[in-house]
Amino acid sequence: MLIAREVTKEYQSGDQTIAVLRDVSFTIPQGAFVAIVGPSGSGKTTLLGLLAGLDTPTRGTVLLDESDLGKLTENERARLRGEKVGFVFQTFQLIPTLTALENVQVPLELRGTPGATERARDLIDRVGLKARGHHFPSQLSGGEQQRVAIARAFANAPKILFADEPTGNLDHATGERIFELLQSLNSDGGSTIVLVTHDATLASRASRTIRLLDGEVVEDTDLVAGSAA
Amino acid sequence: MIGLSRSTWSLAWRESRTARRRLLLYMSSISLGVAALVAIDSFSANIIQSVKEQSRAIMGGDLSFNSSTPFAPATDSLLDSLSREGISLARVTTFPSMAVVPRTAGTRFAQVRGVTENYPFYGTMITDPADTWRELHEGANAIVDPSLLTTLNAQVGDTLKLGFGTFRIIATIKDAPGAAGIAEAFGPRIYIPARYVAETQLLVFGSTADRSVVAKLPPRTDPDDFIKPLRKRFQDLQVRVRTVTQTEMRTSDAIENLSNFIGIVGLVALLLGGIGVASGVRAFVARKIDTVAVLRCLGASSGQVLGIYVTQAAAMGLVGAAAGAGLGVAIQFLLPNVMAGFLPVDVEVTLVPQAILTGLAVGGWIALIFALRPLLALRNVSPLQTLRRDTDADVLRLRWTDSPRIIVNLALVSSVVAIALLRARTPEQALWMSGATGIAILALAISAGLLMWAARRWLRSGWPYVVRQGVANLYRPGNQTRAVTLALGFGAFLISTLYLVQRNVLRQFATAAAESRGNVVFFDVQQDQAAGVDSIVRREGYEVVQLAPVVTMRIAAINGKTVGEMRPVPPGQQGRASWALRREFRSTFREKPGSSEVVTEGKWFGPGALRERVDTGEISMEEGIAEELNVKLGDNITWNVQGVGIPTRITSLRKVTWTRFEPNFFVVFAPPVLAEAPKQFVLLANVLEPSSVALLQRTVVNRFPNVSSLDLTSIRRTVDRIVGRASLAIRFMALFSFAVAIPVLFSAVSATRRARVREGVLLKTLGATRGQIARILLAEYSLLGVLGGLTGMLLSIGGGWAVVRYIFKTPFAPALVPVAGIAAVIVGLTLLIGLLAGRDVFRETPIAALRDA
């Protein structure tokens, strides 16, 4: 369960205060597939950073499985991310000096999980890259890199996965396959998925859409569905 | 804090994969410093060990008793009593003589050693033909250094004349205990049986000779304990007593002082290397921001992140230090060849584990602590950087109040001071050294700050674009102006300081030797021979530059207090130095000051003092000896001249240029005072053609066999050779510092390289030509180079002045042109390295660079 309560994020720019997010509130239940959409500059990425505990809000609270992220120290948030959170980025963010397999091993090794290599090999297998495990990121195509990133995101079987424009750097067909992979991981494993995108078609396939404009929630399909029910 | 599990360790290892070589390059900045420390520590340990093993053999016994005058009857009876107690004694009388081989008519100044049959107690004399040492005593035989035969064109079996004595050369010395060193260059050694010394008739009144007795103690007797109760009695008899342990300690001290000095250069090289490590690691850290942000997203704690990179840096630092230690050991094994002829003993080179481990530990620690400073910034890399990337400079900015940073800074400063304390002779020196380093770093940081300020302040929009861009690079965010200036300036500072010190110290010898007005000196000329020698020189058509009378004497009393009543102090302390009080003075009298001396205090003898003998005669003292004796103008000194007391008063002090090869004296008397004293003479002649010197020496020695003469030209050549070697050694150290500066410079420049390449590529995409980009880099790096070089140059003039003035105690003359040359080379090097970065701009395609960005 992920809860945002009146989350506001402000930045200081010179002597001006700019509010990037204003009083954003919603609840995402375990197992949901949510898309956060909005035009460039609407605050999507900032919101993702706050929800994932990469940053802390100026006001308001973010609760991830009852932990108030704002009250944790940087290192406690890191531990929480290692245990419960997975990430997929637009630019893949694989560590260039590690092979595909080793990239997947990283979260396991950071936690000191035994049998890291076997688990990583299994994950690489599941994203269909069995033969490519020993390649370096620079030797892989964009789609393959993103699949490695997804395998890495699922290494610790996270309760929630955040994906920032996961198909933004990929051609349409490849993007489609990546999206399907995310969907299957959501339905098979029960992981919550929070997807940030400005692609309306992609968003429409999520079970719920939260639309941001100028830092405020202007639409939430769940609320619509809820009010319709 | 840094909980490194086995898996994190393996992650650190794998993650370093492609960066390992680059990181190693940065960390290798310390290698040369480690090499210097290991080489010098190992080698001096080898020398000290060899001294310990050979000191008995060098002395020839456990104890020695020396005197420059014949032993008094009281001394002889004291020695006899020792011998009755079962202590073996051997006698060695050393004196100079002209060696003449009649067959070839060759003459050569030599050191004669008359030895008794049982000499030496320790060590073996190896002769050629073998085993002839014992035959020396079978008749009037001589065993000589091979160099004597070469210069005299003689061979074994020839007859050798020493004074009035005639000897047969039966062998040459292949190897004597201890190394001959420089002494041999002044006069080859000739061993003759002690009982034939008298036949030479050279030990006449006032002649220079050293009488020494060496003693062999029963086994397991400590020489120092043994002599303790007797020391005072020997001293009162004007006999110097030395023990093996004393000699050992003195040699070890000298070696340690020398190695400390060189060690300090090594230490500064290490420090410079540390700066290189810091700026290299800064560049490395900038490359790692993205990876760290991802690791943070994946749940890595700041401790884990720091652990990964500290592990990598420490491992590479250790590899760099190990490479340095290896190089140091290689240098250690080469050193005996380079130093041959300078060492007091034959040095056996062996590995010294302690020196190697110290080098590794000090080098590894310096590398780690300097790397830690930039690495600390990685702790604060936010995982948010995966979503939105700030500039490297913004990400890595640390607050002044960041406590780990303060701790690392403190650890850094205290490590430097601690290592300086370990190396330097005195804590005071260590603090001076740390202080000077601190001042240099501060001055460079301030000048870098000024440059940034000036660039911002005076940058004009009217300037050509490329210049504006280059100058702006100096102060824009992420600039490396401070790091580059520091590396450059410190390198320039170190190199030119070494150069200035070398130049100033060695210049003294060169100029002094060149200014001497004569080149052949005749000494031990007896009173009745002076006119004869003088007339031979003039008859042969040569100039007599100086004919100085020499009167030997000792101090009887100062200001009415006898030497026996005084409490002398050891060297270096305030008071009257015992060596100066007890020494035998060889004084002269003159009407005018000599050409190598000037009166600095008081007045030279007035007409009255020159004309007639008064009750208290006037004397002029040399400044240095006056300081040692703790006497000043107007003090009274009573001299003992052959048992006659002569009261005098100091009426002037002189400064003497000792390095000029002319007869110089501590004490000069007004002539009437010593008119009737027994004396001998020293005569300095000027012989223009070097080939005629030998002929003149031969003529004089044929007529007056007891008169020795030295060819100063050959001594000057020897001195020149030694000075040449010394300056070669110092030049080598300067070159070495230069070699240290290069990797440091690379590291410093590579810190900005990434940003510059990225910008360059961007500019290229926007249409900048190769020439424009090169000019931008040229503007930036030439300013950095000029600033670093110039500041380093100014600092080195200050540093050189301090070292020359306070350590070598000689006047300092800055050599601007060569130092400016060094600065110019530094500027050139900076430009070259800067432009190499420019080359990368053109190697990368815009797409690759922008995607990478």
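B:Pro120 sits in the loop between β3 (106-115) and β4 (126-128) of chain B. Helices and strands here are DSSP runs (H or I, at least four residues, for helices; E, at least two, for strands), numbered from the N terminus. The bond between B:Tyr119 and B:Pro120 is a cis peptide bond, with omega at about -10°. B:Asp128 and B:Pro129 are also joined by a cis peptide bond, this time with omega at about 0°. You'll find B:Pro129 in the loop between β4 and β5 (141-144) of chain B. Why point these out? Most residues other than glycine have a negative phi, and most peptide bonds are trans.

Before going on, a word on what you're looking at: this is a predicted model, in which local features need pLDDT of at least 70 and side-chain atom pairs count only at pLDDT 80 or more, while totals for chains, interfaces and linings use all residues. Residues are numbered from 1 along each chain as its sequence is written, and chains are lettered from A and ligands numbered from 1 in the order in which they are written.

## Two positive phi angles

A:Asp23 isn't a glycine, yet its phi is positive, at about 45°. This residue lies in strand β2 of chain A.

Look for B:Asn559 in the loop between β12 (543-558) and β13 (561-562) of chain B. With 11 other C-beta atoms within 10 Å, B:Asn559 is exposed.

## Chain A as a whole

Chain A has 8 helices and 10 strands. Its radius of gyration is 18 Å, close to the 17 Å from the globule rule for 229 residues, so chain A is as compact as a globular protein of that length. (That radius is taken over C-alpha atoms, and the rule is 2.2 Å times the number of residues to the power 0.38.) The C-alpha atoms fill a box of roughly 50 × 40 × 40 Å along the principal axes.

Of the 229 residues in chain A, 46% count as buried. Two residues are in contact if their C-beta atoms, placed from the backbone, lie within 7 Å. Take the chain A contacts between residues at least 6 apart in sequence: 68% of them join residues at least 24 apart.

## An open sheet in chain A

Four strands of chain A make an open, antiparallel sheet in the order β2-β1-β4-β5. At the edges stand β2 (16-28) and β5 (67-68), each with a single partner strand, so one side of each has no neighbour in the sheet. Strands count as paired if DSSP finds at least two bridges between them. β1 (residues 2-13) and β2 of chain A share 9 bridges in the antiparallel sense, and A:Ala4 has A:Phe26 in β2(A) as its bridge partner.

## An enclosed strand

How many residues of β7 (residues 160-164) of chain A are buried? 5 of the 5, so the strand is largely enclosed by the rest of the structure. A:Ile160, A:Phe162 and A:Asp164 point one way from β7(A), while A:Leu161 and A:Ala163 point the other way.

β7(A) pairs with β6 (residues 85-88) of chain A in the parallel sense over 4 bridges, with A:Phe162 as the bridge partner of A:Phe87. β7(A) also runs parallel to β8 (residues 192-197) of chain A, joined by 5 bridges, and A:Ala163 stands opposite A:Leu195 in β8(A).

## Where the chains touch

The contact between the chains takes 26 residues from chain B and 27 residues from chain A. On the chain B side, α1 (6-15), α9 (244-297) and α10 (302-339) each supply at least two residues.

Elsewhere in chain B, B:Asn66 lies in strand β1 (residues 63-67). Apart from neighbours within four places in sequence, B:Asn66 is in contact with B:Asp210, B:Ser212, B:Val239 and B:Arg240.

Notes:
Buried ≥ 20, exposed ≤ 12 C-beta atoms within 10 Å, placed from the backbone.
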